[in-house]
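The sequence and the model come first, and the description follows.

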Amino acid sequence: MDKKRPYKVTSHQEYEIGRFTIVKDTIEIDGTKYPYSYEKVEDCVCILPIIGDSIVLLRQYRHSFNQWFYELPAGGIGDGKPEFAARRELLEETGYLPERMEYLGKCPVSQGTSTAVAYLYAAVCGQKRGQELDKTEMIEVMEVPKAKFIEMIKNLEFDHMVGIAAWHLYQQQFKEK
């Protein structure tokens with residue numbers, strides 16, 4: 001048994017389903033076997049775009065919920081480096097070019113169900129060009145004053161968890177309230 005893992009994996013299967021790899025393991029704890037599944041997903045970036053005293057938010061349609069959500073720009077890293085992906089996703093989803101990017105940290109997206117880690121950035125935005133959305137992305141861009149953004153977090157109108165983590169780290173690192 002691996003010293004890091006407190007149980008034995010007795011079987012391991014992987015299934016490619018669209019853009020995901022689903023892992024189905026059987027784990028053994030004290031002689032009893034249990035199913036355990038999770039998704040292997042590429043790491044991603046999430047960007048907190050700032051313009052003056054406002055945050056650039058997305059209102060994005062999510063097919064999995066059949067609902068629109070407020071989010072920060074985010075996306076997969078692909079084969080490049082996280083900062084390159086953050087610049088790319090910011091431009092694609094908002095149309096804004098960053099004047100300055102600050103790395104805020106990284107965090108797991110959902111430890112119990114996914115292998116993805118999110119690299120978080122703050123971007124001071126400048127020039128705006130047009131969005132470069134994928135065909136399946138339905139995104140509206142809006143600028144929201146920081147005070148309203150904080151209220152949106154408090155009342156769960158903004159519930160994008162990696163976005164909330166980015167905001168929290170930004171506040172801690174730049175002493176904003």
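## Strand β5 and its partners

Strands β5 and β10 (residues 139-145) pair in the antiparallel sense over seven bridges, where two strands count as paired if DSSP finds at least two bridges between them. Helices (H or I, at least four residues) and strands (E, at least two) are DSSP runs, numbered from the N terminus. In β10, P145 is the bridge partner of S54, and S54 in β5 also stands opposite I51.

Strand β5 (residues 54-62) is joined to strand β4 (residues 44-51) by two bridges, and these strands run antiparallel. They form a hairpin with two residues between them, and G52 in the turn has a positive phi of about 60°. The hairpin of β5 and β6 has four residues between the strands, with N66 in the turn taking a positive phi of about 50°.

## The model and the chain as a whole

This is a predicted model, in which local features need pLDDT of at least 70 and side-chain atom pairs count only at pLDDT 80 or more, while totals for chains, interfaces and linings use all residues. Residues are numbered from 1 along each chain as its sequence is written, and side-chain values use heavy atoms, with hydrogens and water left out.

The protein chain has three helices and 10 strands, which follow the pattern β-β-β-β-β-β-β-α-β-β-β-α-α along the sequence. Its C-alpha trace spans about 60 × 40 × 30 Å along the principal axes. Of the 177 residues in the protein chain, 37% are buried, that is, under 20% relative accessible area with a 1.4 Å probe and protein chains only.

## The hairpin of β2 and β3

Strand β2 (residues 20-29) runs antiparallel to β3, and nine bridges join them. Within this pairing T26 stands opposite P35 of β3. Two residues lie between the strands of this hairpin, in which D30 takes a positive phi near 50°.

## Helix α1 and its cover

Helix α1 (residues 82-94) has 13 residues and reaches 18 Å from its first C-alpha to its last, close to the 18 Å expected at 1.5 Å a residue; the expected span is 1.5 Å times one less than the number of residues. The buried residues of α1 are A85, A86, E89, L90, L91, E92, E93 and T94, and what covers them includes β4, β5, β7 (74-76), β8 (96-108), β9 (117-128) and β10. After α1 comes G95, whose phi is positive, near 90°.

## Y70 in strand β6

Y70 has its place in strand β6. Leaving aside residues up to four places away in sequence, Y70 touches L57, L58, R59, M142, M152, E157, F158 and H160, where contact means heavy atoms within 4.5 Å. Y70 and K146 are 76 residues apart in sequence, and 14 Å apart in space from C-alpha to C-alpha.

## The lining of the largest pocket

The lining of the largest pocket has 36 residues, of which R19, F20, R62, E71 and G75 lie nearest its centre. A pocket here is an open set of points on a 1 Å grid over the protein atoms alone, where a 1.4 Å probe fits, with protein on both sides within 12 Å along at least five of seven lines; lining residues have an atom within 4 Å of a point. Elements that each supply at least two residues of this lining are β3 (32-40), β4, β5, β6, β7, α1 and α3 (161-174).

Terms used. Buried means under 20% relative accessible area, exposed over 50%, partly exposed in between (1.4 Å probe, protein chains only).
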